[in-house]
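Please examine the sequence and the three-dimensional structure shown below. The paragraphs that follow lead through them step by step.

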Amino acid sequence: MRISAALPTGVAALLFESARRRRLAERRLVALLEGAGYAEAILPILDYLEPYEALLTPAGRNELYRFIDRDGEQLALRGDFTPMLARLLAPRLAALDLPLRLYYRGDVVRYEEERAGRQREFYQVGAELLGIPGEAAESEILRLFLAALAPEAEGDIQVVLGFAGALDRLLLDAALPGAADPAALAAAVARRERAPVRRACPRLLAVVETGLPERADDLGPEAAPRLASLLALRDELAARFPAARLTVDLAEFARHGLDPRLAAEAGARPYYDGVVFHAFAGAGAIPVGGGGRYDSLFRRLGAEVAAVGFSLSLERLLAGHPAATDQETSR
Amino acid sequence: MIRLALPKGRNLEVTLAAFRAAGLLRGYDGAGRSLLTVVAEAGTAGIEVLSLKDWDLPLYVEHGVADCGVVGSDVLGEVDGDLLVPLRLTAGRSRLSLIGRTRELPPAGGQVRLATKYPQTARRVVAGRPWGAEIVELSGSIELAPLLALAEVALDIVQTGRTLAENNLVEIETVAEVAACFVVNRASYQRHRRLLNDWIGRLEAAEVAA
């Protein structure tokens, strides 16, 4: 009998050199995280669906692999480390010494429509920092993120920074009765569509063009000072990582609204409620990972703690390199 | 160097006319002949022009192989990657419409067959209707399907309506306006923002895109 070596759509087997390269990159990242004082958390690949039900957006629900176990329990394959770690830590937080520095590594599985470059199984390495409020934690996590990226991306790194809720006031002001729906307008800003943005709110046009408002005050009294501190953080990181291109672009995260009227357009990982960032790396400028602040995720799980983290996809980080030729994929 | 993907087919002429009206690509004459042409352009190290089929173009831009490109909104509706869509060209617009042998939509509660090149768009259209449809995906000559009763209705591009009239078919309802869209890779927009904003401004100023 001949056995086919074909694999299901969206998963890959790494053999020989590609396996060696992935493990090398993983070992380097783990050494970096452990060197920075982060301890490993090993999490299961399966969990109950129920704890995540209230946290899922329709898009998040669609990408989960869910099934019913033999005992009738609804289970899901791990689709994201952050909520899993948060739901396991939230009931234990009172008994733990803060701050907590944790890292994880392993596969996440998400349903993606079949398309080139869209895998359904990703190997992630990530870090979470709990219990330090404000910019100190954001700065630590971003420094770690950039240090993790730098050698793998051979210096070709673009990191885009923003914060959730930055454009809420402009979007909601534009969406007075008779004007555009704020969630649809947020989507148009994220896609940098000039015409609908100009019609709805000329002040948003500067954000679409440059990533920043003409005057910080346009963002409102809460968001304006946050923009100033984000720009200062960007400058601090740029001085430390001169090879990386760091930009603050609020339009990039226009879908990360905090107001409930904007929440329907939340991004793929909708729990970020403060600083949010993502990176592109390599010659093809592939999205390789990102992160942000997510205190409200813990709040929804009944715990009060400041939380910031990031994750990186190792396949994507290594994808830009020609040496990855013996990767056996299903397509 | 920035890499621009131009579409083969019906959107090419419209795209070149728009870019030339904006003072861009004036040195480009290899439309469709070469896979990759370098065009000298003031204010740049040159533009590398890539000639691609409509349906492949969004993937090239999403993967950063091309920094930007022009593709029909009909195609974007099917293979919409994570792309920026700053502008829609004003010329060459058409409509995506439901067509059939009579002017009537299927009755509420009815079930029909719908022939189309655009199955994802068709599913979104049908999801909001009181009738259901089995989507029949075809790769061309969509108007033949209702004509020869392979399907009761079709979802297809209508430009002048002449093909429909010649085949005794009617446009039942316009579902969307179709335009050639200027699309940009998310990371390229960060990297080449000044140049791309300049192009966008010139296309808008020449009133060939909005």
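Of the 210 residues of chain B, 42% count as buried, where buried means that 20 or more other C-beta atoms, placed from the backbone, lie within 10 Å of the residue's own. The model is predicted, and local features need pLDDT of at least 70, side-chain atom pairs count only at pLDDT 80 or more, and totals for chains, interfaces and linings use all residues. Residues are numbered from 1 along each chain as its sequence is written, while chains are lettered from A and ligands numbered from 1 in the order in which they are written.

The C-alpha trace of chain B spans about 60 × 30 × 30 Å along its principal axes. Its secondary structure comes to eight helices and 11 strands; these are DSSP runs numbered from the N terminus, with at least four residues (H or I) for a helix and at least two (E) for a strand. Among contacts in chain B between residues at least 6 apart in sequence, 66% join residues at least 24 apart, a contact being two residues whose C-beta atoms, placed from the backbone, lie within 7 Å.

Strands of a sheet pair through backbone hydrogen bonds, either parallel or antiparallel. In chain B, five strands form an open sheet with mixed pairing, in the order 8-7-9-6-10; two strands pair if DSSP finds at least two bridges between them. Strand 8 (132-137) and strand 10 (170-178) of chain B stand at the edges with a single partner strand each, so one side of each is left without a neighbour in the sheet. On average, neighbouring strands of this sheet are turned by 30° against each other, direction ignored.

Within the sheet, strand 6 (residues 94-100) and strand 9 (residues 153-158) of chain B run antiparallel and are joined by six bridges. Helix 4 (residues 119-127) of chain B lies across strand 6, strand 7 (111-116), strand 8, strand 9 and strand 10 of chain B, and runs at about 175° to strand 8 of chain B. Such angles run from 0 to 180 degrees between N-to-C directions, with axes fitted to C-alpha atoms, for helices over the stretch in contact.

How many residues of chain A are in contact with chain B? There are 17 residues of chain A in contact with 18 residues of chain B. On the side of chain A that touches chain B, strand 8 (157-163), helix 8 (194-200) and strand 9 (245-248) of chain A are the elements that give two or more residues.

Terms used:
A residue is buried if 20 or more other C-beta atoms lie within 10 Å of its own, exposed if 12 or fewer, and partly exposed in between; C-beta atoms are placed from the backbone.
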